[in-house]
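This briefing goes with the sequence and model displayed below. Please read it alongside the coordinates.

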4 protein chains.
Amino acid sequence: MSPVTDTSSLDGLRDRLLRFVADRQWEPYLTPKNLAMALAGEVGELLAELQWLTPEESVAVVTADPAAAARIRSELADVTNYLVHLAASLDVDLVANAHHKLDEVEVRYPPV
Amino acid sequence: MSPVTDTSSLDGLRDRLLRFVADRQWEPYLTPKNLAMALAGEVGELLAELQWLTPEESVAVVTADPAAAARIRSELADVTNYLVHLAASLDVDLVANAHHKLDEVEVRYPPV
Amino acid sequence: MSPVTDTSSLDGLRDRLLRFVADRQWEPYLTPKNLAMALAGEVGELLAELQWLTPEESVAVVTADPAAAARIRSELADVTNYLVHLAASLDVDLVANAHHKLDEVEVRYPPV
Amino acid sequence: MSPVTDTSSLDGLRDRLLRFVADRQWEPYLTPKNLAMALAGEVGELLAELQWLTPEESVAVVTADPAAAARIRSELADVTNYLVHLAASLDVDLVANAHHKLDEVEVRYPPV
């Protein structure tokens, strides 16, 4: 049971993840290099759920195939957790960092 | 210039991304299948930044190599943005979904 | 039982894979896009086998951990088979294509 | 100029790659862990070439878009070279290993 009080933000998720890892003494394994590999491994499992679907079928999968949708949500959770952990290990605020990049991308690709 | 008012949460980031895409009429391309591929492609670029470093060097990279750190932050932003977009396309709340998975993982791996 | 006569070359492997797929009527699924996703998914499983090892441990894994080595060989096989299939779908001779790229890379990075 | 005599087999490609690396004194970097990351990074670049195409467009890309086809061949070469290098670092014969796995897969999925 984790005493998480903030379950709506990435900061609350990050704090829970850091406590989860500390409670299991896993910190020595969780370098940025290793976490990036783990992130890529989970993204690979996500791809496997979508690889034989057409793009149109992938749009409909949430409503058309509840079992596949549950597996996809589980993989998305693993991806999210490793990404949040990786960002913490690199001292990056994911949301601010993403907005900063979007500032550049919006200039590079003007609206039609 | 985007009229984003909430720059601290994933919801605000998602809203900005959806508007960014709508303004460019890119929606037809952004199926879950295609977005998962784009996410994996960006994770690949992140791996490339860390592949020749030792785990110890990857821990120190943020302070030891500002140019590499900037590239890593840029890749993290691309990964974040595609993940947020993918979750939106699947109607998944990333933070709630990640907590739900952690509820299971905490039981599966008890603390030491 | 496959009547493969050439088990030493990539061409023989490719021919066996194409027959395997034809015998199961899976061709409609095996587009370059889908095969690239499947390849990436299998590479993700390979990463998962190596993610918590140090680089030194990864060098020793073949002799130090026979069970892990067997899993790694199994993932390498999946990666190889999807790569050979993908190349066939794009009408690319993998070995000739790799030598062609090495001709360029050898010029770009002169020996020390 | 490399004195490669066998340009038709994976063994010849592997020998050229090992000599290429030795000539540049890069061996210390080329552990299985690092090579798996590099392989995944190149697969990510391959995905990026196919991510916005429909499956049907990906089938036609070789003839319909020569510039994209050249980029795809270049990425396929990078993937091949890292896979061959990784297999060498793990003392795995890629073709024999792939046939061994196919022996199992053919039993698991009987023909229709």
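The model is predicted, and the predictor assigns the complex an ipTM of 0.94 and a pTM of 0.95. Chain A is built from 5 helices and 0 strands. By the cavity rule used here, there are 3 cavities of 30 Å³ or more.

**Confidence**

- The average pLDDT of chain A is 94, and 96% of its residues score at least 70.
- For the complex, the pTM is 0.95 and the ipTM is 0.94.

**Fold and dimensions of chain A**

- Read from the N terminus, the order of elements in chain A is α-α-α-α-α.
- The C-alpha trace of chain A spans about 45 × 40 × 30 Å along its principal axes.
- The radius of gyration of chain A is 17 Å, whereas a compact globule of 112 residues would have one near 13 Å.
- Of the 112 residues in chain A, 50% count as buried.
- Among contacts in chain A with a separation of 6 or more, 63% are between residues 24 or more positions apart.

**Largest cavity**

- The largest cavity holds about 120 Å³ of space.
- Its lining consists of 16 residues, and those nearest the centre of the cavity are A:A40, B:A40, B:V43, C:A40 and D:A40.
- Four helices each supply at least two residues of this lining: α2 (32-50) of chain A, α2 (32-50) of chain B, α2 (32-50) of chain C and α2 (32-50) of chain D.
- By class, the lining of the largest cavity has 12 nonpolar residues, 4 polar residues and no charged ones.

**Second largest cavity**

- The second largest cavity has about 60 Å³ of space.
- From chain A, the residues lining the second largest cavity are A:L10, A:T80, A:L83, A:V84 and A:L94; from chain B, they are B:L10, B:T80, B:L83, B:V84 and B:L94.
- Two or more residues of this lining come from α4 (66-89) of chain A, and two or more from α4 (66-89) of chain B.
- The lining of the second largest cavity divides into 8 nonpolar and 2 polar residues, with no charged residues.

**A:H85**

- A:H85 sits in helix α4 of chain A.
- A:H85 counts as buried because its relative accessibility is 9%, and the cut-off for buried is under 20%.
- Leaving aside residues up to four places away in sequence, A:H85 touches A:L17, A:L18, A:V21, A:L30 and A:L35.
- A:H85 and A:V107 are 22 residues apart along the chain, and their C-alpha atoms are separated by 30 Å.

**Loop residues with positive phi**

- C:Q25 is not a glycine, yet has a positive phi of about 55°.
- The position of C:Q25 is the loop between α1 (10-23) and α2 of chain C.
- C:Q25 is classed as exposed because its relative accessible area is 57%, and exposed means over 50%.
- D:D91 also has a positive phi, of about 60°, although it is not a glycine.
- In chain D, the loop between α4 (66-89) and α5 (94-108) contains D:D91.
- With a relative accessible area of 71%, D:D91 is over the 50% cut-off and is therefore exposed.

Methods
Residues are numbered from 1 along each chain as its sequence is written. Chains are lettered from A and ligands numbered from 1 in the order in which they are written. This is a predicted model: local features need pLDDT of at least 70, side-chain atom pairs count only at pLDDT 80 or more; totals for chains, interfaces and linings use all residues. Side-chain values use heavy atoms; hydrogens and water are left out. On a 1 Å grid over the protein atoms alone, a cavity is a set of points where a 1.4 Å probe fits but cannot get out, and a pocket is an open set with protein on both sides within 12 Å along at least five of seven lines; lining residues have an atom within 4 Å of a point. Grid points are joined across faces, edges and corners, and a volume is the space filled by probe spheres set on the points. Ala, Val, Leu, Ile, Met, Phe, Trp, Tyr, Cys and Pro count as nonpolar, Asp, Glu, Lys and Arg as charged, and the others, Gly among them, as polar. pLDDT is the predictor's confidence in each residue, from 0 to 100. The radius of gyration is taken over C-alpha atoms; the globule rule is 2.2 Å times the number of residues to the power 0.38. Buried means under 20% relative accessible area, exposed over 50%, partly exposed in between (1.4 Å probe, protein chains only). Contact means heavy atoms within 4.5 Å.
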